[in-house]
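Trainee: I have a structure that is new to me. Could we go through it together?

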Protein chains: 2
Amino acid sequence: LNEIQNIVLIGAGNVATHLGLAIQKTGRSILQVYSRTKASAMQLANLLNTEFTCDPEAINREADLFILSVTDDAIREIVGKLNLGQKMVVHTSGSISMDVLWKCSENFGILYPLQTFSKSRSVDFNSVPLCVEANSKDNLHLLEHFAKELSRKVVEVDSEKRKILHLAAVFACNFPNFMYNVADQILADKGLNFELLRPLILETAMKVQELKPDEAQTGPASRGDKMILQKHDELLREYPDYREIYKKLSEAIRKLKSKWEIYE
Amino acid sequence: LNEIQNIVLIGAGNVATHLGLAIQKTGRSILQVYSRTKASAMQLANLLNTEFTCDPEAINREADLFILSVTDDAIREIVGKLNLGQKMVVHTSGSISMDVLWKCSENFGILYPLQTFSKSRSVDFNSVPLCVEANSKDNLHLLEHFAKELSRKVVEVDSEKRKILHLAAVFACNFPNFMYNVADQILADKGLNFELLRPLILETAMKVQELKPDEAQTGPASRGDKMILQKHDELLREYPDYREIYKKLSEAIRKLKSKWEIYE
């Protein structure tokens, strides 16, 4: 069982960037960065003080691990072009099955970080849940060992469950952020500043770091306050889409709430 | 212009509790806690090391400020019973007009803390936005001065705008927490642990502490990834309500996104 020491990053987006930085911190080497886009490849290679290429043919085959960290479409495209023989290859996508990787190598797996990354924010990679999967026991051990150097939250998750996690992540991240957008828009239209909501947003997320979300649920729908639901419905007249969303979500909260009450 | 030194808390819920604690920290006195429910009144009075009553007639009239921190319905009920003459009275509700208070005093206003409070979590009150309003310039000054001792984020907000803030807070707090509930449920049904999503939830809220939510929006709907939207739609077959919510929210995200693109 060989250790993973030298890595090639295929992709130069947010995930590749944060992974690359975290890998270097463990003392391992990023041999090369590949991206179709020269500017991106160059930028990340500079940040990591390594080489880059935009030519799939020029990808350095000496690495112990190739990390595909590109869009889902690009994964499907690149696996056809990349023959890595027996070299270990993983992708970092939440929604693509592991099996697409058999086209490029005999040894493959998944390294899926369950976090939202932005170039402008540093992330404590050590607390990012890393979901791993591999096509053999040996490869799983190899990958787990590598992942545990990056994060203290490594979990084995098969492709089916990974897709569920990815779906849940849309509800945990993308939809809450959309809700922040709606709030921002409603405030802006009345000359109010989004800044006023920031402590509330943070505390709402902090609460469920300890509590389960059902214990943390508050608000007019949760306590069945029909007067406020009615007032909010009127206030949302100018926003037919958000009015409908408010109604649907309030109904769903009522249903959840009565379900909890039955079990209580 | 007299300073506010002695306060009576009318109500003993989460808001009254955190307000009471914050007020005591500034060196002011909570003379008394009133609540209809003896257990609640006693519990908060104990915490604040003060007196309590459950009899509206026995409310101590010597205070400089009476804070009504009860449910919206209870506000309407108690203002009819409470004649405070010229004593300053405020309520802490996001959705009730200031004018309901004229029934109990000539001097009245609002002290609305824009935060979600739970008994089990301590809150840095100093960073809680406090929205103030009053029925006269003098009362506004008095209240602002008092509020600024409690928080460094005091803003004057009229009743109409306060209702908008309260509506926006539902989108910023109650609906995101509902989304966490959906995620929790989907994971639990597949034997996956909500714990895995906690870092993502926190980072999503952290991002908009700096960025505007439109800059932070990510996910399949935001980038128009039809393949994933389709897959998630299939995964949600067992959850017809959440499937519909997923669809509605994804459509709304697409609309927002194309609106931003037009302005870019």
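Mentor: We will discuss how the chains meet, and then some individual residues; please keep in mind that this is a predicted model.

Trainee: Let us begin with the interface. How many residues of chain B are in contact with chain A?

Mentor: On the chain B side there are 91 residues, and they are in contact with 91 residues of chain A. The two chains bury about 9100 Å² between them, and 66% of that area is on carbon and sulfur atoms.

Trainee: How many salt bridges are there between chain B and chain A?

Mentor: The count is 10 salt bridges. One of them joins the side chains of Lys212(A) and Asp184(B), at 3.0 Å from N to O. There are also 40 residue pairs in polar contact between chain B and chain A, with both residues at pLDDT 80 or more.

Trainee: Which helices of chain B supply the side that touches chain A?

Mentor: At least two residues each come from helix H3 (72-81), helix H5 (159-189), helix H6 (198-210), helix H7 (213-216), helix H9 (226-235) and helix H10 (240-263) of chain B. The largest share, 27 residues, is from H5(B). By class, that side of chain B has 50 nonpolar, 17 polar and 24 charged residues.

Trainee: Let us look at one helix. Which residues of helix H6 in chain A are buried?

Mentor: In H6(A), which covers residues 198-210, the buried residues include Arg198(A), Pro199(A), Leu200(A), Ile201(A) and Glu203(A). Thr204(A), Ala205(A), Lys207(A) and Val208(A) are buried as well.

Trainee: And what do they pack against?

Mentor: The buried residues of H6(A) pack against helix H5 (159-189) and helix H7 (213-216) of chain A, together with H5 and H6 of chain B.

Trainee: Another topic: Ser95(A). Is it buried or exposed?

Mentor: Ser95(A) is buried, as its relative accessible area is 4%. This residue is in the loop between strand S5 (88-91) and strand S6 (108-113) of chain A.

Trainee: Which residues does Ser95(A) touch?

Mentor: Leaving out residues up to four places away in sequence, Ser95(A) touches Asp72(A), Arg162(A), Lys163(A) and His166(A), and from the other chain Ile228(B) and Lys231(B). The C-alpha atoms of Ser95(A) and Lys161(A) are separated by 9.8 Å, although these residues are 66 residues apart along the chain.

Trainee: Back to salt bridges. How many are found over all chains?

Mentor: A search of the whole structure finds 32 salt bridges. One of them is between the side chains of Glu3(A) and Arg28(A), at 3.2 Å from N to O. Glu3(A) lies in the segment before strand S1 (6-10) and Arg28(A) in the loop between helix H1 (14-25) and strand S2 (29-34) of chain A, so the pair ties together parts that are 25 residues apart in sequence.

Trainee: How accessible are those two residues?

Mentor: Glu3(A) is partly exposed at 41% relative accessible area, whereas Arg28(A) is buried at 7%. Glu3(A) and Arg28(A) are also linked with Glu149(A) in a network of salt bridges.

Trainee: What about Arg36(B) and Glu77(B)?

Mentor: Their side chains meet in a salt bridge, at 3.4 Å from N to O. Arg36(B) is in the loop between strand S2 (29-34) and H2 of chain B, and Glu77(B) is in helix H3 of chain B, so the pair ties together parts that are 41 residues apart in sequence. Arg36(B) is exposed at 54% relative accessible area, and Glu77(B) is partly exposed at 41%.

Trainee: Finally, what is the phi of Asn49(A)?

Mentor: Phi of Asn49(A) is near 55°, a positive value in a residue other than glycine. Most residues other than glycine have a negative phi. Asn49(A) is in the loop between helix H2 (38-48) and strand S3 (51-53) of chain A, and it counts as exposed at 73% relative accessibility.

How values were computed:
Residues are numbered from 1 along each chain as its sequence is written. Chains are lettered from A and ligands numbered from 1 in the order in which they are written. This is a predicted model: local features need pLDDT of at least 70, side-chain atom pairs count only at pLDDT 80 or more; totals for chains, interfaces and linings use all residues. Side-chain values use heavy atoms; hydrogens and water are left out. Contact means heavy atoms within 4.5 Å. Buried area is the accessible area (1.4 Å probe) that two parts lose on being put together, summed over both. A salt bridge is a side-chain nitrogen of Lys or Arg within 4 Å of a carboxyl oxygen of Asp or Glu. A polar contact is a pair of N or O atoms within 3.5 Å; within protein, one must be able to donate a hydrogen and the other to accept it, and residues adjacent in sequence count only if both atoms are side-chain atoms. Helices (H or I, at least four residues) and strands (E, at least two) are DSSP runs, numbered from the N terminus. Ala, Val, Leu, Ile, Met, Phe, Trp, Tyr, Cys and Pro count as nonpolar, Asp, Glu, Lys and Arg as charged, and the others, Gly among them, as polar. Buried means under 20% relative accessible area, exposed over 50%, partly exposed in between (1.4 Å probe, protein chains only).
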